[in-house]
Amino acid sequence: MAEEMKVIVFTLGKEEYGIEVDKVRTIERLTSITRVPKTPEFVKGVINLRGVVIPVIDLRGRFGLPESDLGENARIIIVAANDLEVGFIVDSANDVIDVMSDTIESPPEVVGGIRAKYLSGVAKVSETRLLILLNLSEVLNRGEIIQLEQLGE
Amino acid sequence: MEMNQYLSIFIDEANDHLQSLNEKMLQLEQQPEDISIVQVIFRSAHTLKGMSATMEFKDLAALTHEMENVLDLVRNSKLSMNSHIFDTLFKCLDALEAMVQDVIDGGMGTGDVQDLVVTLQGIVKGDVGATAPATSQSTAKSSSGTIGSARGSIQLDQYQRSILSQSLEGGHSAFYIEVMVREDCVLKAARAYMVFDVLERNGEVVKSYPSVQDIEQEKFERSFSVYYITQVDEASLQESISRVSEIESVTLVKLDQGSLSELEETATNQQIKEEAKQETAAAIAKPVDGTAARPAASAPSSGSAAPRTIRVDIERLDSLMNLFSELLIDRVRLEQLASEVHRNDLTETVEHMARVSTDLQNIVLKLRMVPVESVFNRFPRMVRDLAKSLDKKVDLIITGAETELDRTVIDEIGDPLVHLIRNAVDHGIESISDRVKAGKSETGTVNLRAFHSGNHVFIEIEEDGKGINRDKVLETAIKRGVVTPDEAKKLTDDDINMLIFAAGFSTADIVSDISGRGVGLDVVRSKIIALGGHVSVTSKYGAGTKFSIQLPLTLSIITAMMIKLGSEKYAFPLSSIVETGSIPRSSIRSLHGTSIIDYRNSIIPVVSLSQLVDCPDFNDEQEEESELLIVRKGDKMVGVLVDEFIGQSEIVLKPLGKYLSSNLGLVSGATILGDGYVALIIDPNALIK
């Protein structure tokens, strides 16, 4: 029996990505970000989300994609997983769709240069539309960020 | 009666009373002759009894009842405290605590109190034989002044008693009148007024209970009583009072010289019962409904009066604070809009709002802070018991109990402290004979200190005991495989002391033969580290040991110096700043690759904050004159070059979030400024190596 799950759709460049809706706390417009020194490049800093300080990471940078200028549609998606709360900067986020679990395939080895371990699968939404589902626990893997910090020192 | 809604109130109040009982008992142990302390203890026990009875916690009520009987004898000087009574009462407190814990855990507050009850009854019957409370009339009278003031009951003072007896001599009649209004009476105060009106037309009221004021404000349940002098006879008096409507009953007792003193006693007993009912009602109802009647009885209680507080769920405070931060951001936005719109009335309103929100901010920020007292106050009792069981003499000196810490830290720090203090008394302080042999005073001292420093709170536990035996620690460490013999050679004394925190290192093997409690100091350390703190130990063999715990204020308010680096803002905790100023670039010299300056005739290093944080749009090398902060850690100082000072402000420390907290030496946290901007807080300790 295929299960249905709701995902928030966001874009990075031309690709469409999805995060399960229950992992997403809120979607915010870009606000002023305070840079935090001695952190990896993709950690853009921290923001004030209604009184709570939340780190923000640039998902492009996290995936090793080239950075681009953020436009009007850029958003910060606040996700909560692994006991962590983190904001993802994305190019846009504007859709919620239902995905049937039987349409999800395991990720191909290389997708747009992103290491496969960050992805939990690819969902075929329609004939022309593919949605890349994020593996949040890998994206938020702190072991990796600690390594990166130590490299930076 | 639906009890659940009162349960949490009961638990909170019961804990308060238990705490106060513990404190006062310790105090009494120091000054056994001070009857006023007994009064306070008695009242607490009494209230506890009433509360428990109302909530139908029978065992609790039974035990407190027996305690009360003993205390009653003591306060009436019928029984003097001795160590047996103290021990029994302390045991009772422990039992009560266990029972309240049972209630917290959802039980019915049951406990095996039979033995204690028997012991207490034995104390009441024992040496003092027939002097049960009811027969202790003469003493009760001699101390009636204190009882009267303590209970606010209808005890007569000397003056009033002499008025009554003189009136009797003068041929007047004196009555003790108790009036009960009907249960469905709507305007109790009005009825009472009418009764007083009748009385005053026919004679004189000597004394009323509750006081006339309280009666006017309806601060009584259903009955009130008066001592009354009149020439009217009993029957017509009865009739005229009964004529007032909604009066259920009028009880008149005619007084003569003999009955005057006797009646006084019965009156007291009746009042006690009445008061127990009222106090319970008030204790339960008070936090729910602020206007609930509070009997006069509790008004004159001396220094022990509970502070007027209300208990709030900590999460609500969190959300209050968050909401408030949002309000601040809107305020800044409004201010900006007002300056664009140029309308006087708008500007004035916004300015007013700014003032109000500043005050509000101060209040909100301080709500979360709790004095460490709430943790410390359980230790005197603990040290007393411990010293007694180990047959040692120990003074516990507490300083800085008013130091405030965030509530979340307060909740967690108790257990580690218990462990360290136990250690100090058990393993640190020597036995009396050993102390004498070592040329020390018989009584050992344990100092428990708390103080603020920077954005940390320090808690220190220092004793003047035997100290850590360095060689023995090392020996044990090698034996247990904590360090290898080679490593051991390189260790400094401080390193060796720290070994006692290693896992599997029973403290018993280090400094004392007395058995440990099976929990190692490693647990203490991991707990403190989990709190984001740090613990260290210094010791002088033969002279004592000091444990120092450094705790962060996870969410707390500190005064900080705000500084600017180009477009970025940073905060420095003011407490570690010695001085601010500016220096010409030319006075910074280089010494072996390190920048140094001459500061008040000593050479101190300087660092550039903009370089440390890789500031993108500011570099002090381009400046001719630099703003400078002198920061201190212990006796070391360092100069920090910054761009510009913004000024002092009170800031709320916020954690940076778990994702970033791994390796941020330089930054100890963040704060949200009035305009919603997040500023990082620099940890001055990280600037000094």
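This is a predicted model: local features need pLDDT of at least 70, side-chain atom pairs count only at pLDDT 80 or more; totals for chains, interfaces and linings use all residues.
**Stop 1**

Select strands S3, S6, S7, S5 and S4 of chain A. In that order they make up an open sheet of five strands with mixed pairing. Strands S3 (24-29) and S4 (43-49) stand at the edges; each has a single partner strand, so one side of each is left without a neighbour in the sheet. From one strand to the next, the twist averages 30°.

To find one pairing, pick A:Val43, which stands opposite A:Ile57 in S5(A).

**Stop 2: a salt bridge in chain A**

Select A:Asp95 and A:Arg129. They form a salt bridge, with the closest N and O atoms 3.2 Å apart. A:Asp95 belongs to strand S8 (residues 92-100) of chain A, while A:Arg129 sits in the loop between strands S12 (119-124) and S13 (130-134), so the pair ties together parts 34 residues apart in sequence. A:Asp95 is partly exposed at 27% relative accessible area, and A:Arg129 is partly exposed at 24%.

**Stop 3: a hairpin in chain B**

Strand S16 (residues 594-599) and strand S17 (residues 602-608) run antiparallel, joined by four bridges. B:Tyr599 has B:Ser602 in S17(B) as its bridge partner. Two residues lie between the strands of this hairpin, and B:Arg600 takes a positive phi near 45°.

S17(B) and S19(B) pair in the parallel sense over three bridges. Here B:Val607 stands opposite B:Val640.

**Stop 4: salt bridges in chain B**

Select B:Lys388 and B:Asp87, whose side chains meet in a salt bridge at 3.2 Å, N to O. B:Lys388 is in helix H16 (residues 379-390) and B:Asp87 in helix H4 (residues 83-104), 301 residues apart.

Finally, select B:Lys546 and B:Glu460, which form a salt bridge at 3.8 Å, N to O. B:Lys546 lies in strand S11 (residues 544-552) and B:Glu460 in strand S9 (residues 456-463), so this pair ties together parts 86 residues apart in sequence. B:Lys546 is partly exposed at 25% relative accessible area, whereas B:Glu460 is buried at 9%. Over all chains, the count comes to 25 salt bridges.

How values were computed. Residues are numbered from 1 along each chain as its sequence is written. Chains are lettered from A and ligands numbered from 1 in the order in which they are written. Side-chain values use heavy atoms; hydrogens and water are left out. Two strands pair if DSSP finds at least two bridges between them. Axes are lines fitted to C-alpha atoms, for helices over the stretch in contact, and angles run from 0 to 180 degrees between N-to-C directions. A salt bridge is a side-chain nitrogen of Lys or Arg within 4 Å of a carboxyl oxygen of Asp or Glu. Buried means under 20% relative accessible area, exposed over 50%, partly exposed in between (1.4 Å probe, protein chains only).
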